[in-house]
Amino acid sequence: MSDQPTPEFSRPRQRLPHQRWQISPQKTELAQKLGETTNLPPLINQLLINRGIETPEEAQTFLDSGYQVLPSPLDDFPDLAMSLELLQSAIVSQEKIAICGDYDADGMTSTALLLRGLRWLGAQVDYAIPSRMHEGYGINKRIVEEFHSEGVRLILTVDNGISAFEPIARARELGLKVIITDHHDIPQQLPPADAILNPKLIQESSPYRGIAGVGVAYILAVSLAQKLGQANDGILTSMLELFTLGTIADLAPLIGVNRHWVKRGLQYLPKSKLPGVQALIQMSGVQASGAKGGQGDTENLNATVSPSPPLHVPASSLKPEDIGFRLGPRINAIGRIADPQIVIELLTTDDMGIALERAMQCEAINRQRREMCEQIEQQAIEIVEMYHSASLPQDRVLVIVQPNWHHGVIGIVASRLVERYGVPVFIGTYEDEGHIRGSARGIPEFHVFDALEYCQDLLGKFGGHKAAGGFSLLSENLAALRSRLSEFANKCLELQHLKPLLKIDAEANLSQIHLEFYQQLNVLEPCGIDNPDPVFWTPNVRVVEQETVGKGHLKLSLTQTLDNSHYKIKAIAWRWRDYFPLPPRLDIAYKLRENYFNGNTTIELELLGVRLPTQSHIFFASRPTPLRTSFEYHQRHYTCGIYKNGSVSELRIGNPEGKILAVQLGHNIGLLGTSRQDAIEVDVFQPQYNNIIEAAFEALSLLSTQY
């Protein structure tokens with residue numbers, strides 16, 4: 001170890017996405033056996049297995065999920081019968097009903113769905129949505145008292161209310177009836193409503209367990225229409241379309257009843273008779289793709305609380321990504337930085353002229369929202385790099401608060417920071433000198449709502465679920481909140497968790513990626529949360545072309561050589577400007593996407609992750625030695641190099657204090673010390689060593705244009 005690495009300063013250190021890859025165990029024999037039932041290729045059967053589908057019966061249920069018989073929700077929701085009685089009584093006596101909604105896509109589609117449904121059934125109904133900027137999430141005493149002064153007799157909350165004990169108690173004091181429909185986590189004390197519909201209160205085995213707020217609204221509205229004998233195809237189809245929009249936009253799990261209904265709703269949407277949906281599709285440029293529907297055209301309406309599928313399935317269908325990336329953001333943008341009334345009018349009007357006007361407003365406001373997000377994200381990254389990045393391994397959570405950030409978009413920025421830094425993010429902005437309001441996003445091993453409850457004595461209002469939440473607090477409590485959240489994070493997170501997790505289904509060669517295979521993947525649709533788009537990985541591909549395009553995206557051409565044959569494919573990596581240029585050889589992880597150009601359809605890769613090839617030690621071992629450079633890691637300067645130690649190649653990393661970490665390429669035990677005589681053995685797979693070794697390999701990869 002006396003052969004010290006010599007620094008080279010001619011190149012900056014190559015940055016790669018900071019990730020941990022989790023590749024699903026491959027069950028080859030089971031995949032082949034499953035293929036006897038599904039008649040699908042082994043690779044697609046492996047995808048089914050990864051989603052917990054291991055028997056022929058489970059496979060048949062999954063593949064035909066659009067046409068399965070569901071239990072009656074009256075059996076699963078204890079308060080549904082009471083809710084129907086209260087609504088029927090209010091409609092018959094023409095008492096005023098008021099809906100209190102929420103300003104996100106779930107809340108706004110829920111509100112629109114119930115407005116359409118209740119008006120169809122003859123109810124006197126109006127709505128209110130609290131101001132995101134001035135009041136925050138959920139029903140409050142002002143809204144309750146305003147409803148009372150307007151003569152409202154029945155309040156119906158949608159996508160909120162489960163944590164609103166005091167406002168609901170005030171409503172009861174004023175003699176109002178209250179039905180809560182919500183899907184957020186259950187607080188320690190339930191509010192004193194007349195009826196509560198929340199899937200978190202029903203059995204975990206129920207297929208309705210994973211519905212979003214719009215799912216609860218859909219069940220209530222369809223059940224009421226059936227009870228009153230007015231459940232015709234027109235109103236049921238309209239409500240199914242709104243259910244589909246809200247469910248996907250809210251990132252609800254696409255399993256159970258959500259998958260069952262969304263699969264059919266996506267087929268209705270391209271031919272929607274709702275002017276607002278037509279206008280939104282037209283304005284966003286969504287084009288329907290070929291539908292891959294299941295079998296069957298009849299269904300027990302009473303058992304399923306769902307409209308019957310059409311005798312002739314539409315020739316085209318949308319995919320969840322069309323809603324998640326095009327329609328949903330345009331709806332959500334309104335609730336984030338504008339007036340939710342725009343979306344409510346969009347989704348409830350029967351006038352195409354009004355619908356187009358509102359859709360154009362959605363388009364303009366969404367552009368404004370994107371610009372705000374990009375600006376705040378860049379500011380946040382600068383702050384994190386300057387003040388927080390070095391302490392993230394100890395803090396294990398990022399808490400960042402700044403003035404003059406728009407509260408409506410900081411949740412999006414929080415998600416992007418989670419992707420970048422791999423830790424839970426709590427981001428806030430000052431409402432005034434004394435108050436902060438914020439949003440939180442988590443990682444798989446961290447429960448956001450539990451973390452907020454752990455800090456409840458420091459907070460004002462808060463709510464949410466495992467993956468996300470919202471909160472408010474006094475400015476004077478910020479330091480204590482940062483400390484408390486770090487305390488919570490250190491209880492549930494290990495160092496190895498502090499990288500964004502990329503879950504990968506299976507290895508695929510580029511020779512397997514073609515249009516026919518992509519079309520076979522349609523059996524998995526609709527894909528989304530808990531039924532994700534398939535993610536594949538391919539080892540040791542060569543980057544033959546790469547360039548930045550648009551607002552910081554990478555466009556690439558990749559090749560793989562197999563049995564003396566070369567396979568080439570195009571790829572896109574969204575918002576990867578910081579990683580340009582990528583090293584010449586990589587392991588890649590990706591989803592598949594269609595590209596339409598000049599009437600031709602091709603399959604491309606959407607890169608989700610890259611890493612140096614798993615055979616890096618082989619490539620570096622074949623290079624002339626010594627191979628040396630320097631790099632920065634956690635704001636400290638290191639040197640590194642590949643050297644010969646006898647007949648084997650060895651990676652050596654030197655720190656500013658003169659200690660060297662030496663490890664033979666391909667081995668998991670290294671030596672750490674100032675000389676071989678005083679060195680101790682260390683497991684280089686431990687995070688504190690593995691991460692710096694990865695950084696060294698990234699730096700060394702820039703020294704070679706070919707392996």
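1. Residues 24 or more positions apart account for 66% of the contacts in the chain with a separation of 6 or more, where contact means heavy atoms within 4.5 Å. This is a predicted model, in which local features need pLDDT of at least 70 and side-chain atom pairs count only at pLDDT 80 or more, while totals for chains, interfaces and linings use all residues. Residues are numbered from 1 along each chain as its sequence is written, and side-chain values use heavy atoms, with hydrogens and water left out.

2. The secondary structure of the chain comes to 23 helices and 26 strands, both taken as DSSP runs numbered from the N terminus (helices are H or I with at least four residues, strands are E with at least two). Of the 707 residues of the chain, 55% count as buried; here buried means under 20% relative accessible area, exposed means over 50%, and partly exposed lies in between, with a 1.4 Å probe and protein chains only.

3. On helix packing, consider α9 (residues 213-227) and α10 (residues 233-249), whose axes are 9 Å apart and which pack at an angle of about 165°. Axes are lines fitted to C-alpha atoms, for helices over the stretch in contact, and angles run from 0 to 180 degrees between N-to-C directions. The two helices α9 and α10 are therefore roughly antiparallel to each other, given that angles under 35 degrees count as roughly parallel, over 145 as roughly antiparallel, 65 to 115 as roughly perpendicular and the rest as oblique.

4. In this pair, V214, G215, Y218, A221 and V222 of α9 meet L236, M239, L240, L242, F243, G246 and T247 of α10. By class, the contact of α9 with α10 has 9 nonpolar, 3 polar and no charged residues, with Ala, Val, Leu, Ile, Met, Phe, Trp, Tyr, Cys and Pro counted as nonpolar, Asp, Glu, Lys and Arg as charged, and the others, Gly among them, as polar.

5. A second pair is formed by α12 (residues 275-284) and α14 (residues 320-337), which pack at an angle of about 110° with their axes 10 Å apart, so that α12 and α14 are roughly perpendicular to each other. From α12, L280, I281 and S284 meet R326, L327, R330 and I331 of α14, and by class this contact of α12 with α14 has 4 nonpolar, 1 polar and 2 charged residues.

6. Turning to cysteines, a search of the whole structure finds 0 disulfides, a disulfide being a pair of cysteine sulfur atoms within 2.5 Å. C362 counts as buried at 0% relative accessibility, and C455 is buried with a relative accessible area of 1%.
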